[in-house]
Amino acid sequence: MTMERRTTASEPAPTAGQAPGGRVAPAVRLDGVRVRFHTKTRDVTALSEVGLDVAAGEFIAIVGPSGCGKSTLLKLVAGLLAPTAGEVRLNGERVRGPRHDIGYVFQRAALLEWRSARRNILLQAEMRGLPPAAARRRADELITMTGLDGFADAYPHELSGGMQQRVALCRALLHKPPVLLMDEPFGALDALTREQMNTELNRVRRETGPTVLLVTHSIPEACYLADRVVVMSPRPGTVTEIIEVGLPAERDYTETMERPEFREAAGRIRTLLGSVSAHH
Amino acid sequence: MSQSATDAPPGRAAAGAVRRKGPLTRAAERSWRPAALLLACSGVWWAVAAAELVEPYLIPSPAATFDVLTGKADYLWQHTWVTTYETLIGFALAAAVGVLTAVIMVYSSTVERTLYPILLIAQVVPKIAIAPLFVVWLGFGVAPKILIAVLIAFFPVVISMVTGLKAVDPEMLQLSATMGASPWQTFVKIRFPASLPYLFSGLKVAVTLAVTGAVVGEFVGANEGLGYVILQANGNLDTPMLFAGLLVMSLIGVILFALVEAAEKLLLPWHASRRDTSVTAAY
């Protein structure tokens, strides 16, 4: 029954332009994954029978009602959490503990208050013991790419929420991770900043080309950014459907919103999430 | 019309709040109220003494106290130095041992479960009650005074440091794990610096308690230090000297507190409570 759920997922993604052939091992693979949490009062099944294949270079958005285990899914891929049952593979290797071949962005920027923007980004290099000079050059590159020029020496409390999140993104990209995991990175931003960040993420992704798993509550954000959108059911979370967005890699924000492919995908997701919550 | 009229006052208030002020202006703004209160208290003290409402041997006049402060400056200075020395050594030891204990407790739940109840019990025992015992064990030198100062100042350091080390953002630790950081790297680059604001709030309490500890030690058995000076003055009904001793003792506490606060400002310029606009207001 896992197989049936995965049929859409296991098809090679035609929109994943950067995926080398699609015949190689998927960048991320979840197979029959179940997660149960034990709390004092009860046991909670956060995820049940989740299967998902993500091709290298693909951009996947994950949407679903609150508490459906979207964040849990990312933590499984990062190895920050072990599944109760099933298997998680990252870059062809089974995940058995915290993985270092990823970049992680949380909803809160999680910056160190006592470090400037640049030094927050360079934390990634210090922890990994990367050569400092090269890391500095790479950080400056990312600072320019994300429009943080002139703010590199500012401290987190001097930056707006959007800028803090850009710093977090730069930090996640510093070591050129093959897989980027983003857990509602723009959830706390205002609508306008969010659109801006979406445009920038689309560009950054085209320029750096990692596989991306993005958890979001925003249907437009999911459709604008992703190659495929994974729609999840309420707890216990499982994959309801996977939707191909079918837009070109380079996407202008307002123009994309008008496109029939975008509207169709967004409409379908809305229906799915609506029907999903109607059952509740 | 009515819209702009209601909007205007908060707009002006905001503009006023944003205007930059010099550090001196801000210091003056902060300190004029306590200074005025202190002055008023001195005024009452002076008035009570001048009107001879109370016998002078009970409450000496400010002038008599000042005469002692200047006239017996050498004597006072010699004993002030002893008390300051005991306080500083006691405080430094309490800070070092306290931080170390907190780190071990946070990293080992076994140690925490074992040590925490014992610490609590030790804290409940009145240190003043065991002070005589330390004099019996360690003699009349500075050792028992330092020990009492350490014991009194230790607890707030441990509690604040444990709280600080535990208050670290769990997402920051997860991030650190994805960076492949070693436990030592995570401690040095994330956990320890993140705990410093908590540690400093504990150190500020500890430094004033260390003065108390040193003086208590001197009360129990000493032939030098401000505690000894006060006891002697008390025995001789030399209240001007007693008041002078009290003043100097308070001054030590205030100066040491200010020094710890200055160190905090210097070391943690990023700390939230030092900002013009607080983080909670920004959220």
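This note goes through the domains, sheets, helix packing and chain contact of a predicted model.

1. Domain division of chain A. Chain A falls into two domains. Domain 1 is made of two segments, residues 2–101 and 177–278, while domain 2 covers residues 110–176. Where the two domains meet, domain 1 of chain A contributes 13 residues and domain 2 of chain A contributes ten residues.

2. The domain 1 side of that contact. On the side of domain 1 of chain A that touches domain 2 of chain A, the most is given by helix H6 (residues 191–208) of chain A, which supplies seven residues. By class, this side of domain 1 of chain A has eight nonpolar, three polar and two charged residues.

3. The four-stranded sheet of chain A. Four strands of chain A make up an open sheet in the order E2-E1-E4-E5, and their pairing is antiparallel. At the edges are E2 and strand E5 (93–94) of chain A, each of which pairs on one side only.

4. Pairing of E1(A) with E2(A). Strand E1 (residues 28–38) of chain A and strand E2 (residues 43–54) of chain A run antiparallel and are joined by eight bridges. Two bridge partners in E2(A) may be located on the model: Val54(A) for Val28(A), and Leu52(A) for Leu30(A).

5. Pairing of E1(A) with E4(A). E1(A) is also joined, by five bridges, to strand E4 (residues 85–90) of chain A, and these two strands run antiparallel. What stands opposite Val28(A) in E4(A)? The residue is Leu90(A).

6. Helix H2 (residues 70–78) of chain A lies across E1, E2 and E4 of chain A. The direction of H2(A) is at about 65 degrees to E2(A). As a general point for reading such an arrangement, side chains in a regular strand alternate between the two faces of the sheet.

7. The six-stranded sheet of chain A. A further open sheet of chain A has six strands in the order E6-E7-E8-E3-E9-E10, with mixed pairing. Its edge strands are strand E6 (102–105) and strand E10 (239–244) of chain A, each pairing on one side only. On average, and with direction ignored, neighbouring strands of this sheet are turned by 15 degrees against each other.

8. Strand E3 (residues 59–63) of chain A and strand E8 (residues 211–215) of chain A run parallel, with four bridges between them. In this pair, Phe59(A) has Val212(A) of E8(A) as its bridge partner.

9. Packing of H3(A) against H5(A). The axes of helix H3 (residues 117–128) of chain A and helix H5 (residues 161–173) of chain A are 7 Å apart, and the helices pack at an angle of about 30 degrees. H3(A) is therefore roughly parallel to H5(A). The crossing of H3(A) and H5(A) is right-handed. In H3(A), Ala117(A), Asn120(A), Ile121(A), Leu123(A) and Gln124(A) take part, meeting Val167(A), Cys170(A) and Arg171(A) in H5(A). The contact of H3(A) with H5(A) comprises five nonpolar, two polar and one charged residue.

10. Packing of H10(B) against H11(B). In chain B, the axes of helix H10 (residues 226–235) and helix H11 (residues 239–267) come within 8 Å and cross at roughly 160 degrees. H10(B) and H11(B) are therefore roughly antiparallel to each other, and their crossing is left-handed. H10(B) brings Leu226(B), Val229(B), Ile230(B), Ala233(B) and Asn234(B) to the contact, while H11(B) brings Met241(B), Leu242(B), Gly245(B), Leu246(B), Val248(B) and Met249(B). The contact of H10(B) with H11(B) has nine nonpolar and two polar residues, and no charged ones.

11. Contact between the chains. How many residues of chain B are in contact with chain A? There are 18, and they are in contact with 20 residues of chain A. On the chain B side, helix H8 (170–178) and helix H9 (183–220) each supply at least two residues. H8(B) gives the most to this side, with seven residues. The side of chain B that touches chain A divides into nine nonpolar, five polar and four charged residues.

Note on methods. Residues are numbered from 1 along each chain as its sequence is written. Chains are lettered from A and ligands numbered from 1 in the order in which they are written. This is a predicted model: local features need pLDDT of at least 70, side-chain atom pairs count only at pLDDT 80 or more; totals for chains, interfaces and linings use all residues. Domain bounds come from an automatic or database domain assignment. Two residues are in contact if their C-beta atoms, placed from the backbone, lie within 7 Å. Ala, Val, Leu, Ile, Met, Phe, Trp, Tyr, Cys and Pro count as nonpolar, Asp, Glu, Lys and Arg as charged, and the others, Gly among them, as polar. Two strands pair if DSSP finds at least two bridges between them. Axes are lines fitted to C-alpha atoms, for helices over the stretch in contact, and angles run from 0 to 180 degrees between N-to-C directions. Angles under 35 degrees count as roughly parallel, over 145 as roughly antiparallel, 65 to 115 as roughly perpendicular and the rest as oblique. A crossing is left-handed if the near helix is turned anticlockwise from the far one by less than a right angle, and right-handed if clockwise.
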